[in-house]
Amino acid sequence: MELTAAEAWSRILESARAQLPEQSYQTWLASTMAVGLSNEVLAIGAASAFAVEWIEAKYGELLTGLARNLFGNGFELSFESKTNGSEQATSFAQMPLSELEETEPREATTEASGVAKCLVGTLNPRYTLGQFVVARNNDMAAAACQAAAAHPGRAYNPLFIHGGVGLGKTHLMHAVGHAALERSPNLRVAYVSCEQFMNELIEAIQQRRTGQFHHRYRRIDVLLVDDVHFLADKEATQEEFFHTFNALHDAQKQIVLTSDRPPSSISRLQERLVSRFEWGLVTDIKPPDFETRLAILRLKAEQDGLTIGDDILSLVASRCRSSVRALEGALIKLLAYSSLTRRDLTTELAEEVLGPSFHVGKEVTAEHIGATVAEHFGVPMQALRSKSRARAVALPRQISMYLIRAMLHLPYTQIGRLHGGRDHSTVIHAIRRVDQLAAGDSGFRDQLQQLRSTLDRGRRHT
Ligand code: ADP
Ligand code: MG
């Protein structure tokens, strides 16, 4: 007998329910329904465009995995909104004022959801301007934050800070909150990640409390939204964000945004949002240079009451170049190692801990690994990206994939793309093959080891 869409979806849901917290299941999945099934694609309807975005982002992988377990590897899920997303957002935005007034939240009820929990309480006490090392890589962003905190809504509005991961964006954003509150303790400051903003919005829609949501956000004096690159491709959330942004901006409330890329590079970000994000000041944070890294380490050590020799801090600073988070991670690892093994913190110990096997970031790039492997085997670098299946090229290509995975932990799909657009199963196969060869052939193992040490040496001396 043929499987119907409804049956297929109910079996998938049954498995999902067993794996998810009941609350999540009830909020997001219980109200979905199967719409159709053809060619192994099961279409599912969700309550709104927001719900579709949320389910895809949060549960897409889990649900697809379950579906494939049940019905085979070719099975796909496709979510669609039962209502038109923009229609919903518009009606939400045009919510009559009376409804907004009526839904004035009581403190007790705002605790469980909404902005109240994102107020002051969740600002990290360590993330202040005083504990932020200002240097060439971040001085503009730090100065702008200071100005925004001193004159909320007047100086740079919005203030948009972008930069790579672990470079201090969140720290600076919290610092604006702290500094603003220090000057005016009655300000209503909200710190929220963009994902959380979306989460709360969807929840409000599902529970028919959108008026409340809207109203709460409109009462904020300083709105800090972290990681707005999360808006990429999420058109329905962008719509709501746009209205919240306008309401606050019109009322001259301060808005600070961070992102891992500039507004114009956020994929499928509505033009009108790009332009609004660029209204105020767009500034970036770059990776810190050696002196700054050392200064940050000194500050962190001092904060934690640790006395660590400058020789050791310098060594850590010279090894970790990619992000401040990696830098902190290296220091923590070193301290943990020294205390667990009861060995004194010496430069020898640091060399040992931070040595070849310690992955400190992106000093070695995929490009670098590919080039080293190609050179080792005497094949042109482009050959690794070519379609050629000749063994002289195939093996180096597999080794390049293997080393990139082992040293940089990049996702299989990305490694595949770097090698001439191959898919993830080809990459997995390559890695297994290299493992097998290394297990059975000591000559091959030596070659692999030699390549790794070459790359590690490069990492240490760059
Ligand atoms: P991002 O949000 O850019 O990914 P974070 O703000 O989370 O980065 O910063 C990562 C870590 O690095 C945090 O612990 C933060 O305190 C620290 N950090 C980053 N830049 C600095 C700096 N200039 N001075 C002191 N600490 C910093
Ligand atoms: Mg951050």
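Let's start at Thr 170: an N or O atom in its side chain sits 2.8 Å from an oxygen atom of ligand 1, a polar contact, meaning a pair of N or O atoms within 3.5 Å. This is a predicted model, where local features need pLDDT of at least 70, side-chain atom pairs count only at pLDDT 80 or more, and totals for chains, interfaces and linings use all residues. Residues are numbered from 1 along each chain as its sequence is written, chains are lettered from A and ligands numbered from 1 in the order in which they are written, and side-chain values use heavy atoms, leaving out hydrogens and water.

Back to the ligand. The side chain of Arg 325 has an N or O atom 2.7 Å from a ligand 1 oxygen, and for Glu 328 a polar side-chain atom lies 2.9 Å from an oxygen of ligand 1. How much of the ligand does the protein cover? The answer is 94% of the 560 Å² of accessible area that ligand 1 has on its own, with areas from the Shrake-Rupley method and a 1.4 Å probe.

Now, the surroundings. There are 18 residues around ligand 1, and Gly 166, Lys 169, Thr 170, His 171 and Arg 325 come nearest; being near takes a heavy atom within 4 Å. Helices α8 (169-183), α13 (290-303) and α15 (324-340) each supply at least two residues of that shell, helices being DSSP runs of H or I with at least four residues. By class, the shell holds seven nonpolar, seven polar and four charged residues, and Gly counts as polar here. Thanks, everyone!

Methods: Polar contact = N/O pair within 3.5 Å; in protein donor to acceptor, adjacent residues only side chain to side chain.
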